[in-house]
Amino acid sequence: MVNAMKRSWIIGGSAASLLALGSFLAFGQGLDFSGHTGLPAGVDISGSWYPLPFQDSGLITASGALAEYGGIPLNEAGRLYALAWHPSRIQGRQHQCMGYVPPYTYNQPGNLRFWEERDPYTQRLVAIKQYWQISEGTRTIWMDGRPHPPAYAQHTWAGFATGQYDGNALTVYTTHLKRGWIRANGLAQSDEATLVEHFIRHGDRITYFSVVKDPVYLEEPFSRTYTLGRSIKEPDAWQYDCDDGEQIIGRPEDQVESYFWGRHPFVREFATNNQIPFLATLGGPVTMYPELLDKVSDSAAADRAAAAELAPSAGPAHASRASDPTPTDGEIHVLPIQGNLSFLAGDGGNIAVQVGDEGPMLVNSGAGKISDKVIAAIRKLSDKPIQFIVNTGFQADFTGGNVKLRAAGSDPSVLGSFFSGQFVDAGKGATIIGQQNVQNHLMALKSPSQGWPSDTFVQARRRKYHNGEAVEIFHMPNAVTDADSIVHFRRSDVIATGDIFSTVSYPHIDVKNGGSIQGEIAALNFILDRTVYKHDEEDGTMIVPGHGRICDEWEVAEYRDMLVIIRDRVQDLIKSGATREKVLASRVTADYDDRFGATSGPWTTDMFVEAVYNTLHDPPARGSAK
Amino acid sequence: MRKRLAISALILTTSLFAQRGGRGPAPRTPKDSALYDITGYWVAVVTEDWRYRIVTPKKGDTGGVTLNQAGRKIADAWDPAKDEQAGEQCRSYGAAAIMNAPTRLHITWQDDETLKIEADNGQQTRLLHFGSAESGAGEWQGYSKALWEIVPAGRGEKPIGSLKVITTKMKPGYLRKNGIPYSVSAALTEYLDRVNEPDGNAYLVVTSTVEDPVYLAQPFQSASHFRKEPDGAHWKVRPCVTRW
């Protein structure tokens, strides 16, 4: 940081310092530099910049052609994701204003502005800020040495970035990125991607060099350059508004177009139009290296190899390569979300805690393995006893802590009321709220009665006003079970989804207990009907999933899209007469397994696909989804 | 006031440095004063301008290169067979194109003042001269003058900067495989920067500008990069060809 200040000051622009600079250079090389123009290499990147239009000129306005994947080290999942991607997806409501992630954002056809933020008293460099016109994104590169946030924190388009000066470059490390594009033709960069970037300045030009590591979609690191030119004149063009709307009137919410592998009508178009060997256009590590010249020299062999890449390879499903953000250190970790809501992670399913003038309201109680620590964590958020616990389902990961957390609380709203005459313990513990089926299932499971919901409901919408805000609890019929609810804290604008939404696995659709793929998709669409983003699919309504990290609507939309696409593939196979075994062998989830799949444990990919098959083959008879 | 004093001190310091030449130890050679080490084996990672660099673009596809009318005329008349007949298969391997080719590089110090860059694809050799000896005029690789362009750092800090290379006097060639021309008047300015990744990988980032008053309406500015390889195990000599 001190070095940075010195450098900035030395390059700062006085005639004296330029004279000194010339002397240094002359001493260093013993060469005559007369005739050399422009600024010397340096690291201060402040100013207005724009992407130079020479390199990758055909890709600057965003997308590239369908099946133009050459030079991208895709793995099988990345290639299959792209091959299934249908361009009409961008007309979907949640996709219209999708933001840009780095490094893709530096290839946008708009202006970029970089500036320093310094402590007003010490003038030490705190952060380098960047603003990009397209998608109106702002990025903060922290230069003060702060750590990256925990894995269960929100991901954003800009990610969380820290930087340091490294030789003649500004080097930046980024985590917590949303799922974005490598290229907006279906080449996805997953939310597990991490990024190292180097901004190397040469006079009025920055060479931007980045290396993306993405365990989900890339076989090896993806390195690339972009070049930026400095705007001498302030461009005064910084906005790029976006607001989504209905682009196809009447399109059902559960319609997400995709190409079934092997049926993509335009898959050869780019190769044919540009006289490029088809195999080369499908990407993969070899397409980045000189070895590609050998790989495509035998055109017949190359065509055979290409044909094999258009569909999932034979073999077992892949397990997820993503890391589970759930803490496993035996401690409870607290993260404020927004408004009155905080997030507690570390004891099985996630717990949302609402605090205020009244006693805390919880959504779920965790697995109950470290409930004492959960209680201690809640006490740090509020000195009042827990008043309500809402169960979004009956699963042990969400209700395991009911008994202890209930006992640690009290509900003054029923203490001394007519309930007191009917229930000896009325008001002596927190009140547990749940859809009637939650109670039914817990009773059937013979779990301790002290942990059963005492305040049950059967209507579609249970409402309360608590801690200064409206709280709505919606029953989601036949989603992962027949007992699911979501909870919407309206003023805080936070939705806790229970097991309907997870960032770590496919939905645990429990067909035996009333779950169905149809109800699950309907529930996700119901959530999306209630969410509002603040700007370009970011922030606004925040989402607490049953498992995994804090999100906003973007991740829910992606999850919904995935489930619709998988549903359609299974449905297609059923229509063609495929048996359960044939469906399982078809690897219909091959483009998502590296992110959500499991080959062992309580909920494997095969179990999920079988649940989809079963509920499509024999749809649930009751509790039609909303 | 403090700033003014600092600037004065800086000027004094640099002047002293500049005058010390004949009395102190012998000046360090460019090899000794290298800001970073770029020697070794490197492989091109062709991820940018991919369809122009690793496959042969279609005739007339000049995307990203702003040709003038004369340049456009030559690009449109590209005839690889004619180049073969003329024995000019190496037209797309000249200095203005070779660092964009799908190739491996072997970089060594030929002597204290000359860096040698060999490319296995097309079997080309570039010599980057830090001294003043002129040579190579009229060859595919032209004449390259190199220098460590140093940004002054704070007192006691390691100097930083880039390797800058200016190449002129190139035999007329192609910027891309499909006959996009550059003339003998073209000048190529390059920066060769090394970046080190946390995972241990190292990359050579090449920032280049081709200016050509004969065929280009605007300078052609691009960048490419190479990843360090442990040795020459994958070195594979390939002759010049007119099409990949």
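Let's start with helix 3 of chain A, whose buried residues (under 20% relative accessible area, with a 1.4 Å probe and protein chains only) are A:Glu76, A:Ala77, A:Gly78, A:Arg79, A:Leu80, A:Tyr81, A:Ala82, A:Leu83 and A:Ala84. This is a predicted model, in which local features need pLDDT of at least 70 and side-chain atom pairs count only at pLDDT 80 or more, while totals for chains, interfaces and linings use all residues. Residues are numbered from 1 along each chain as its sequence is written, chains are lettered from A and ligands numbered from 1 in the order in which they are written, and side-chain values use heavy atoms, leaving out hydrogens and water.

**Helix 3 of chain A**
- Helix 3 spans residues 76-84 and is mostly covered, with 9 of its 9 residues buried; helices here are DSSP runs of H or I with at least four residues, and strands are E runs of at least two, numbered from the N terminus.
- Its cover includes strand 8 (180-183), strand 9 (187-189), helix 14 and helix 16 (593-596) of chain A.

**Helix 14 and helix 13 of chain A**
- Helix 13 (residues 517-530) packs against helix 14 at about 155°, with the axes 10 Å apart.
- Helix 13 is therefore roughly antiparallel to helix 14, a term for angles over 145 degrees.
- The crossing of these two helices is left-handed, meaning that the near helix is turned anticlockwise from the far one by less than a right angle.
- Residues meeting here (heavy atoms within 4.5 Å) include A:Ile517, A:Leu524 and A:Leu528 of helix 13, and A:Val556, A:Tyr559 and A:Leu563 of helix 14.
- By class, this contact of helix 13 with helix 14 has 10 nonpolar, 1 polar and 4 charged residues.

**Helix 14 and helix 17 of chain A**
- The axes of helix 14 (residues 553-575) and helix 17 (residues 605-617) come within 10 Å and cross at roughly 60°.
- That angle makes helix 14 oblique to helix 17.
- Helix 14 passes helix 17 in a right-handed crossing.
- Among the residues making the contact are A:Ile566 and A:Val570 of helix 14, and A:Phe608 and A:Leu616 of helix 17.

**B:Asn121**
- B:Asn121 sits in the loop between strand 3 (114-119) and strand 4 (124-129) of chain B.
- B:Asn121 is buried, at a relative accessible area of 1%.
- Its side chain reaches the backbone oxygen of B:Pro102 at 2.8 Å.
- Leaving aside residues up to four places away in sequence, B:Asn121 touches residues including A:Leu293, B:Tyr93, B:Arg238 and B:Trp244.

Technical notes. Axes are lines fitted to C-alpha atoms, for helices over the stretch in contact, and angles run from 0 to 180 degrees between N-to-C directions. Angles under 35 degrees count as roughly parallel, over 145 as roughly antiparallel, 65 to 115 as roughly perpendicular and the rest as oblique. Buried means under 20% relative accessible area, exposed over 50%, partly exposed in between (1.4 Å probe, protein chains only). A polar contact is a pair of N or O atoms within 3.5 Å; within protein, one must be able to donate a hydrogen and the other to accept it, and residues adjacent in sequence count only if both atoms are side-chain atoms. Ala, Val, Leu, Ile, Met, Phe, Trp, Tyr, Cys and Pro count as nonpolar, Asp, Glu, Lys and Arg as charged, and the others, Gly among them, as polar.
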